Amino acid sequence: MLELFDWSARRFPEAAAMVDGSRRIGYRQLDLASDDFAARLEDAGVGHGDLVPLLLPRGPELVVGMLAVLKRGAAYAALDPRWPRDRIAGLLDQLSARVLVTAEAGPWAVPVAEPPGDPRQAPASGHRRPSPVQVGGDDACSVFFTSGTSGVPKAVLSPHRGVARLWDDCEFSDFGPGSAIVQVAPTPWDGFTYDCWGALLCGGTVVFAESPLLPGTLRRLVGTEGLTHVFVTTAVFHLIVEEGIGAFAGLRKVMVGGEKVSPAHVLRFMEAHPGTGISNVYGPVECTVIATERVLTREDCADPAGLPLGRPLANTEVHVLDGDRVCDVDEDGEICLGGDGLALGYLRDPELTARKFTEVEVGGRRTRLYRTGDRGRWSRDGVLYIGGRLDRQVKMRGLRIELEEVEACAAGAPGVADPAVVPVTGADGACTALGLFFTGRGPGAPDGAGLRAYLEARLPDYMVPGRIERLDRLPLNANGKVDRAALAERARAARAAEAGAVGAAGAAGTPADAAEQRVAAAFAEVLGVDRVPVGASFFDLGGSSLDAARVCARLGGPDLPVEAAQLYRTPDVRSLAAWLEAHRTPERAAGPETARRVGLTSMQDLFLVRDESDTLLWQVGGAVDRAALRAALGDLHRRHQGLHARYRSLDAPVALLPEDPGEPEFRELPAADPAEARAAVEAALREPLDIAEGLVWRAAAAGTADGGTLLGLTVHHVAFDRWSSALITEDLGRAYTARTQGREPDFPAPAAGLAEANAEHRRYLALVDLDGQRAFWRDTLRGLTELAVPGRRRSWEPTGPLAVHRTGLAGAGYGADAEPPGFATLFAAVVRVLRTVTGQQDVAVAVPVARRGGRLMDAAVTNRVDVLCLRAAPDGGGPELAPARAAEIVNRALAHQELPFREAAMALAEVQDVGPLLNLPLFSVHDSRPAEPALAGLPVRRLERPELRGANQLTVEIDLRAEDGPEVVVSVRTDVFPAELAELVATGFVRALRTGRVPAGSGTRG
């Protein structure tokens, strides 16, 4: 692990290693800070082979501590400060630690070392370095405590090689420079290894966020920090899919694990985000985080056996055994794991280690395997499936719980006899809660509340059963054993009865206003009851931490995010509603004038004087019902204000909304052979629009001699962007299908009005430091010079004729089956080709960004696009831009993206001429295929239509989802540049991308 981190720190010293709110910590800072703290640990006597507990909250300081421990040749044990003190004390005793790193008040049984400070304060020179220590792959790097059947937590010793095997030549994703992963896994869970070390050992960025991850938080971090990867438990994945599926937009890879994943949720995800990969991963802590992976497909979602676990990762073995016998294909057995990921064993428990880590003869050789206790089987095509447990272990929200440990803890309470713990499952079969039943012994036996208090003082909160009940005697089955099925049913029935009681009690406290009604409705929906008392705690009503996350997802928004911690501070309807009202940004009342007159964005203002539109063209495999199509186009026209507004420049640029939206223009053209029909449709779509008079868009259709239909739409850019394309396509399909059935369309929700979307954006901007962003852009752009492209001519026309050249990226190693390159990698290639073509070191490009992310902004057909300037200032490195530097430029720009481009230009105007900003090359990356409308079951295929004219003088577009594989499309205005520049830039880009590509086998290094 140390070698991998050292590789990252030496190669990318200035790149962001960690982001925690407004704090950004570079690799050099992290390296220096961990050196300094390692020297302090050396002073405390920490050396090779020691075990060092870190009782710290998640954050950069914890990572500094972990890295420092590793530099001393020791292993860290991350403990949660929220755990009960008695439990922590017992774990410290197991570790036999020399020192405890914590800021928590004592007393403690071991010496305490103060935790490291803010790593940004690490001195660049004169800092302390620890003495060198030789560390090998078989040395322990970490200790993870997991639930134990004996009643005592098991301490799993993980080796360096187990972690290193995952990211040295990583085969399941690209975690290199330009990648950013959100860190939400609890520190004591081995998932922390994935979403922390996965980035740090490969040159990526770790972004800390509150756990559990909420849709609003995810959406915000994708926009501000450029998140590319997310690893979430099954429960959190299901939550985000249900409460805010759009939050996944912009991610490169989603990985899910911890429990069985719902195929229905995965399918919903795929339909919403066809360009984002999703993997099902499996692996217990005894095999270091992940043992198998499956990149899921639509076919997997229809597999009656459930979603597969996939195949083993590199240097990992997976066998299915019946005892010591290897099972046949399709035969159930126990999943057993081997290879470099295997743990060293259980700390100070040789008996359990020998029982769970056994040597078995497989394929004629003796091999060390871990017996997982999971049932599984191999399919005939070599894919692993899971079938349940061989013991009573359960998973809840991704965390492993041995029911015997909870029972053993309960049995230690005075007066408690016969404790029996059972899982309470939801409709999908997943464990959602625990039930504990017991009998009393003697006059001092506690009731349920008394035993709960005893357990809360000794167990983590996720292990404390939600229902604890004392019985006169436990039910027995026919064999005379405790009837656990009957107890589980009793727990479920009690839960349902309590829900009914909650609903009945709701009348005792009625919401006083609209704010309380909104909160009460969210509580009731999540808890599954009709009403809730306004003064009762959400958690007393049966809400779990995951339920709390769902409430926060429903009540929060871009204008006011609600984190889960807030619900713990204000847990009832009345107090939470009061908090929401106190922090709500007041909205200006919309009078009659503003209801019909809506301001435009600065980018829309530009399109008022540009005759620019975008075209959607489809080949329909059958005859379209023209009457139904005309009616559906009318539905679309009336539904979206952006399509029927009049766009004018009065005292300010505005969209005027008419009382009567009218009907859209629909050209029904005569049938012809396919080529002639297409020419006729395209000609109709090229005719000018008149946005001042409300002619914002037009549709045209022509039948073809082969029985098909050509259907096209053109929409002026003042009212249209790439996001709007998906909205229009989905709504057109829904409306057409309804009209063919003789009914009006039933849209799932009203479309957002233009004023609503603008207001939502203003509320979001109120939370942003725009003055700080203005200063950032003034400093970042200061000194920018205009690109001196050979052969450039001046043109004063707003648009001009285009020459277009497209070429695939297969020549750079990115064919149709390859993992697509990250944005920073593509940006670095563009910089290289521009530097080569111009001979300049100082180059910049404009990158489109969407001013969306809120519920209303996401639901409006309009143009909410702006641009960011990505500037590669002179760095003395020749034409190449180092990957870490490219990633830093991108991430810093995204962190300051809320300031409109026009205002950034005005900030630059304070210190120099803004001319270099006005004609920047446009650089864009498309990672999703445009959707086709669902036209009542008719086959539909999107047709590409080459643009003949354009405003941008030089455009470089990367289409990662092109039909024949990723491609680069370069357009140049031939009234400004020689036509051959398009081919020169396109071929140069492929060459630059190939030069900067990391060879196979070093996938995380590029």
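**Buried pairs and packed helices**

Tutor: Both Glu402 and Lys154 are buried, where buried means under 20% relative accessible area, exposed over 50% and partly exposed in between, with a 1.4 Å probe and protein chains only. The model is predicted, so local features need pLDDT of at least 70 and side-chain atom pairs count only at pLDDT 80 or more, whereas totals for chains, interfaces and linings use all residues. Residues are numbered from 1 along each chain as its sequence is written, and side-chain values use heavy atoms, leaving out hydrogens and water.

Student: How many residues apart in sequence are the parts that Glu402 and Lys154 tie together?

Tutor: The two side chains meet in a salt bridge at 3.9 Å, N to O, a term that requires a side-chain nitrogen of Lys or Arg within 4 Å of a carboxyl oxygen of Asp or Glu. Helices (H or I, at least four residues) and strands (E, at least two) are DSSP runs numbered from the N terminus. Because Glu402 lies in the loop between β24 (399–401) and α12 (403–411), and Lys154 in strand β8 (residues 154–159), the parts tied together are separated in sequence by 248 residues.

Student: In the salt bridge of Asp374 and Arg389, which residue counts as partly exposed?

Tutor: Their side chains meet at 2.8 Å, N to O, and the pair ties strand β21 (residues 365–378), which holds Asp374, to strand β22 (residues 384–389), which holds Arg389. Asp374 has 11% relative accessibility and therefore counts as buried. At 22% relative accessibility, the residue that counts as partly exposed is Arg389.

Student: Is Val681 buried or exposed?

Tutor: Val681 lies in helix α23 (residues 674–686). Not counting residues up to four places away in sequence, Val681 touches Leu617, Leu669, Ala700, Ala701, Ala702, Leu710 and Gly712, contact meaning heavy atoms within 4.5 Å. Because the relative accessibility of Val681 is 0%, the residue counts as buried.

Student: How are α27 and α29 oriented to each other?

Tutor: Phe823, Ala824, Phe827 and Ala828 in α27 meet Ala886, Ala887, Ile889 and Val890 in α29. The helices, α27 (residues 823–838) and α29 (residues 883–894), pack at an angle of about 110° with their axes 9 Å apart, where axes are lines fitted to C-alpha atoms, for helices over the stretch in contact, and angles run from 0 to 180 degrees between N-to-C directions. Angles under 35 degrees count as roughly parallel, over 145 as roughly antiparallel, 65 to 115 as roughly perpendicular and the rest as oblique. The orientation of α27 and α29 to each other is therefore roughly perpendicular.
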